[in-house]
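I am opening a notebook on a structure that is new to me. My plan is to look things up one at a time and to write down what I find.

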Amino acid sequence: PISSTSIEMPQLFFLFVLLSAQSVPGISLSYEWFTVSGSCTGTCGTEGVLPLLIVCRDSDSFSVSDESMCDALSKPSNPPIIPCNRVPCPGRWKTDAWTDCSGTCEGNQFRNVYCEQVQLDDVARQVNDSECHLDQKPSNAQSCGISTCPRYRWILMKGSC
């Protein structure tokens with residue numbers, strides 16, 4: 001309820017209005033520190049953490065308020081770091097260098113193609129091909145040649161005709 005008190009003094013008139021927080025809708029005198037979490041910073045591996053933020057909020061409406069409304073001395077220390085999405089990352093294809101061409105005119109080159117996955121200990125390891133997208137697997141062989149092959153070649157033969 002609203003209460004008022006008048007004090008008369010020579011040529012001055014003071015009016016004190018005391019408001020009770022419960023008597024006026026929308027006005028709160030109670031604020032608290034609250035921890036708000038965001039989204040995980042990673043989707044896999046060991047880098048993902050859940051960011052936490054300490055904010056001041058109105059205890060009645062739960063809306064975020066200016067920090068000056070909360071008691072600075074009761075503000076909690078920095079929130080803990082919470083790991084999240086700590087699962088192995090999807091595999092990815094890796095390739096070794098191509099071998100030398102097997103011929104000067106026409107030939108083939110080969111390379112190793114394998115699936116690699118970063119594990120929870122942050123070490124990349126070769127894993128089964130099924131851990132990678134099989135439809136995206138790079139080729140492990142290709143044709144090669146330094147020059148165009150001639151259609152005919154001279155052959156030197158010994159002997160008489």
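Predicted model: local features only at pLDDT ≥ 70, side-chain atom pairs only at ≥ 80, totals over all residues.

Residues are numbered from 1 along each chain as its sequence is written, and side-chain values use heavy atoms, with hydrogens and water left out.

**Overall make-up.** I looked up the secondary structure and found 0 helices and 12 strands, taking helices (H or I, at least four residues) and strands (E, at least two) as DSSP runs numbered from the N terminus. For the surface, I noted an accessible area of about 12900 Å², of which 55% belongs to carbon and sulfur atoms; such areas come from the Shrake-Rupley method with a 1.4 Å probe. I also looked at contacts, meaning heavy atoms within 4.5 Å, and among those between residues at least 6 apart in sequence, 50% join residues at least 24 apart.

**A sheet of three strands.** I then turned to an open sheet with the order β8-β10-β11 and antiparallel pairing, where two strands pair if DSSP finds at least two bridges between them. The edge strands are β8 (92–95) and β11 (124–127), each of which pairs on one side only. From one strand to the next, the twist averages 50°, with axes taken as lines fitted to C-alpha atoms and angles running from 0 to 180 degrees between N-to-C directions.

I followed the bridges on either side of β10. β8 and β10 run antiparallel and are joined by 4 bridges, with threonine 95 having valine 113 as its bridge partner. β10 (residues 113–118) also pairs with β11 in the antiparallel sense over 4 bridges, and there valine 118 stands opposite alanine 124. Because 5 of the 6 residues of β10 are buried, this strand is largely enclosed by the rest of the structure.

Most residues other than glycine have a negative phi, so I looked for exceptions. β10 and β11 form a hairpin with 5 residues between them, and aspartate 122 in the turn has a positive phi of about 65°. Aspartate 122 counts as partly exposed, at 44% relative accessibility. Asparagine 85, which is not a glycine either, has a positive phi of about 50°; asparagine 85 lies in the loop between β7 (82–83) and β8 and, at 37% relative accessibility, counts as partly exposed.

Which residues are in contact with serine 59, leaving aside its neighbours within four places in sequence? I found Ser30, Tyr31 and Glu32. Serine 59 lies in the loop between β5 (52–58) and β6 (64–65), and serine 59 counts as buried because its relative accessibility is 19%.

Notes: Buried < 20%, exposed > 50% of the residue type's maximum accessible area, 1.4 Å probe, protein only.
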